[in-house]
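Take a look at the fold before reading the numbers. The report below is meant to be read beside it.

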Amino acid sequence: MKRQLAPGLAIHKSSINGKGCFATKLFPRGKKIAEYAGERISDFEATKRSRNRRILRICYINSRWSLDGSRFGNGTHYINHCCEPNAFMKNLYGHVLFFALRDIHPGEEITVDYEATLHPDSKRCYCGAKTCRRTINRV
């Protein structure tokens, strides 16, 4: 079964990490890019799954729920971390949305600053930004 990507997104090899999510159309500054999609799981299950995986595609919703983008995702789970991102995530009423921090042009990789994840604080960052803090989590 082929995964249905959110409109305007494509998945390609990333210079940051593995595969990345790339724009296929212009996303103007401040405009919504897409909503994070995946299997809705309890935070207990999210913690359990994070112990068994090297690559995490789990996104926090609130103190009870998370989304596992590796199951029923729409491509947004390939949005990589960057210390100088071009997008940001906003949690609105249990929905995790991505918005453009600046104009994102076709062919550009979409990135966000994860700041806090289920990864250990020692998880290295390879974004290559001038201000790279060298870890994914903001510690």
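What follows goes from the whole chain to its sheet, its rings, its helix and one loop.

## Ground rules

This is a predicted model, in which local features need pLDDT of at least 70, side-chain atom pairs count only at pLDDT 80 or more, and totals for chains, interfaces and linings use all residues. Residues are numbered from 1 along each chain as its sequence is written, and side-chain values use heavy atoms, with hydrogens and water left out.

## The chain as a whole

The chain has one helix and ten strands. Helices (H or I, at least four residues) and strands (E, at least two) are DSSP runs, numbered from the N terminus. In sequence order the pattern reads β-β-β-β-α-β-β-β-β-β-β. The radius of gyration is 14 Å, close to the 14 Å that the globule rule gives for 139 residues, so the chain is as compact as a globular protein of that length. That radius is taken over C-alpha atoms, and the globule rule is 2.2 Å times the number of residues to the power 0.38. The C-alpha trace spans about 40 × 35 × 30 Å along its principal axes.

Of the 139 residues, 43% count as buried. Buried means under 20% relative accessible area, exposed means over 50%, and partly exposed lies in between (1.4 Å probe, protein chains only). Contact means heavy atoms within 4.5 Å. Among contacts between residues at least 6 apart in sequence, 59% join residues at least 24 apart.

## The sheet around β9

Three strands form an open sheet in the order β3-β9-β8, with antiparallel pairing. Strands pair if DSSP finds at least two bridges between them. β3 and β8 stand at the edges with a single partner strand each, so one side of each is left without a neighbour in the sheet. From one strand to the next, the twist averages 30°. Axes here are lines fitted to C-alpha atoms, for helices over the stretch in contact, and angles run from 0 to 180 degrees between N-to-C directions.

Six bridges join β8 to β9. Three bridges join β3 to β9. Some residues that face each other across the strands are listed here.

| Residue | Opposite residue in β9 |
|---|---|
| Lys90 | Leu97 |
| Ala34 | Phe98 |
| Ala87 | Ala100 |

The hairpin of β8 and β9 has two residues between the strands, and Tyr93 takes a positive phi near 50° there. Five of the six residues of β9 are buried, so this strand is largely enclosed by the rest of the structure.

## Aromatic pairs

How many aromatic pairs does the structure hold? There are two. Rings of Phe, Tyr and Trp (its six-membered ring) pair if their centres lie within 6.5 Å; planes under 30 degrees apart count as stacked, over 60 as edge-to-face and the rest as tilted.

Tyr36 and Phe98 form a tilted pair, 6.3 Å centre to centre with 40° between the planes. This pair links distant parts of the chain. Tyr36 sits in the loop between β3 (32-35) and β4 (39-42), and Phe98 in strand β9 (residues 95-100), 62 residues apart. Tyr36 is buried at a relative accessible area of 6%. Phe98 is buried too, at 2%.

Phe88 and Phe99 have ring centres 5.5 Å apart and planes at 25°, so their pair is stacked. Phe88 lies in strand β8 (residues 87-92) and Phe99 in strand β9, eleven residues apart. Phe88 counts as partly exposed, at 32% relative accessibility. Phe99 counts as buried, at 14%.

## The helix

Which residues of helix α1 (residues 43-51) are buried? They are Asp43, Ala46, Arg49 and Ser50. These residues cover an arc of only 120° around the axis, which puts them on the same side of α1. The arc is that of the directions from the helix axis to the C-beta atoms. An α-helix has 3.6 residues a turn, so residues three or four places apart point the same way.

The cover over the buried residues of α1 includes β4, β5 (58-60) and β6 (65-68). The face turned away from the buried side carries the exposed residues Phe44 and Arg51.

## The loop at Pro106

Pro106 is in the loop between β9 and β10 (111-112). Not counting residues up to four places away in sequence, Pro106 touches Ala23, Thr24, Lys25 and Leu26. Pro106 and Gly18 are 88 residues apart in sequence and 20 Å apart in space, C-alpha to C-alpha.
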